[in-house]
Amino acid sequence: MSGLGPAERAVAADLAAARFLAGCKRGHWRQISCAFPLLVVAVAAVEPDGSSGEYWFKFELSGFPGTAPEVRIWDPKTSGPLDPEKRPRGSNRITEAFKHWGNGTIYRPWDRQGGTHNNWVTTHPSLAWNPKRDLTFILEDLHGLLTSNAVAHGNRQVA
Amino acid sequence: MENEQEIEILVEGEGLADIEIIRLPRGSAARAILAAIGVKSGFPAEQAFLFVEDGEDPVDMAVLVENMAMERVHHVHRARKIEVRVFYQGRRIDNRFSPSTRIQRVLDWAVGPKGFNIDPTIAPEMELSLLDQKTAVPKNAHIGRYVRHPHCELDLDLIRGVVPNGASL
């Protein structure tokens with residue numbers, strides 16, 4: 001990794017770490033591309049009807065990890081943010097996280113824009129970004145949100 | 001990076017704060033994983049068991065690492081089973097799981113019909129925390145991470161997850 005800047009080195013280290021590789025092995029996410037400062041990762045999902053799906057996310061990682069990632073839900077067909085009509089559906093938790101809002105990023109405290117919004121760094125420290133976090137922290141949160149429909153679906157099947 | 005002479009195994013275990021990569025020469029028996037984790041965590045390898053993630057029974061120690069389920073994460077622990085108690089609104093449910101069970105599987109059971117039978121509209125917002133903590137534990141963490149032999153019990157709270165929209169539901 002010689003010749004890389006500190007932010008690029010930090011990203012490369014996260015992508016080679018056991019936590020990230022475990023998510024790949026579990027089928028929770030897969031790396032699509034990485035051309036620093038941009039990273040695209042596809043994250044597995046469970047739709048409200050129980051079917052499997054996948055959503056792409058584009059990370060802008062300038063200044064990482066001192067600066068929080070800026071993350072957008074991405075449409076590879078248009079190379080732009082995913083149309084709000086095509087975004088994940090489910091509980092209030094899901095629709096809030098992936099809604100289209102002013103800054104166009106994921107509406108979570110770990111996002112560069114979200115973290116400065118509504119004093120979330122103070123009110124939601126367990127979800128806020130800090131330089132000790134890694135990319136897998138974000139991917140685990142995204143995967144947890146995107147697959148949370150599975151719980152409801154399982155209950156509905158037996159209800 | 002893995003090379004032709006060695007195998008990389010992703011392992012969680014008793015005494016480890018997080019998942020780790022263990023590299024072993026091809027031809028090593030599974031018991032070599034126990035030795036590697038035992039050295040890190042400070043217990044004799046012969047007291048430990050090796051599990052596949054979410055698997056119930058220990059792996060045969062004589063199997064060669066290249067013949068193991070390498071696409072799976074493994075777990076090393078001295079306990080064979082962990083007694084899990086989950087608390088919610090003054091009620092408690094109990095079950096036994098292997099140490100390699102992910103928090104996600106415990107959560108699925110806790111919110112499901114054999115657990116607290118949480119309303120399906122609310123169930124996707126539920127999380128598990130360590131007892132009397134308010135922060136959710138990672139869903140992919142193995143429960144054995146939170147238990148140190150000879151203690152074989154884990155107490156968890158079922159909590160409503162945070163929805164950061166300005167309010168915590």
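The following questions and answers concern a predicted model and treat the fold of chain A, its interface with chain B, and the setting of Ser41(B).

Q: In what pattern do helices and strands follow one another along chain A?
A: Chain A holds seven helices and five strands. Read along the sequence, these elements give the pattern α-α-β-β-β-β-β-α-α-α-α-α.

Q: What radius of gyration does chain A have, and why does this value agree with a compact globule?
A: The C-alpha trace of chain A spans about 55 × 35 × 30 Å along its principal axes. For 159 residues, a compact globule would have a radius of gyration near 15 Å, so the value for chain A agrees with that expectation. The radius of gyration of chain A is 16 Å.

Q: What percentage of the residues in chain A is buried?
A: A residue counts as buried when its relative accessible area is under 20%. Of the 159 residues in chain A, the buried ones make up 49%.

Q: How much area is buried between chain A and chain B?
A: The size of an interface is often given as the accessible area lost when the parts come together. Here 28 residues of chain A are in contact with 35 residues of chain B. Carbon and sulfur atoms give 58% of the area buried between the two chains, and that area is about 2600 Å².

Q: Which residue of chain A forms a salt bridge with Glu127(B)?
A: Three salt bridges are counted between chain A and chain B. In the one formed by Glu127(B), the closest N and O atoms are 2.3 Å apart, and the partner is Arg93(A).

Q: Which helices of chain A each supply at least two residues of the side that touches chain B?
A: Between chain A and chain B, six residue pairs are in polar contact. The helices of chain A that each supply at least two residues of the side touching chain B are H2 (18–25), H3 (92–97), H6 (135–146) and H7 (149–158).

Q: Why is Ser41(B) classed as buried?
A: Ser41(B) lies in helix H1 (residues 31–41) of chain B. Since the limit for a buried residue is under 20% relative accessible area, Ser41(B) is buried because its value is 8%.

Q: Which residue has its backbone oxygen 2.7 Å from a polar atom of the side chain of Ser41(B)?
A: Leaving aside neighbours within four places in sequence, Ser41(B) is in contact with Glu14(B), Gly15(B), Leu16(B) and Arg148(B). The backbone oxygen lying 2.7 Å from a polar side-chain atom of Ser41(B) belongs to Glu14(B).

Technical notes: Residues numbered from 1 in each chain as written. Chains lettered and ligands numbered in written order. Predicted model: local features only at pLDDT ≥ 70, side-chain atom pairs only at ≥ 80, totals over all residues. Heavy atoms only, no water. Contact = heavy atoms within 4.5 Å. Buried area = accessible area lost by both parts, 1.4 Å probe. Salt bridge = Lys/Arg side-chain N within 4 Å of Asp/Glu carboxyl O. Polar contact = N/O pair within 3.5 Å; in protein donor to acceptor, adjacent residues only side chain to side chain. Helix = DSSP H or I, 4+ residues; strand = E, 2+ residues; numbered from the N terminus. Rg over C-alpha atoms; globule rule 2.2 N^0.38 Å. Buried < 20%, exposed > 50% of the residue type's maximum accessible area, 1.4 Å probe, protein only.
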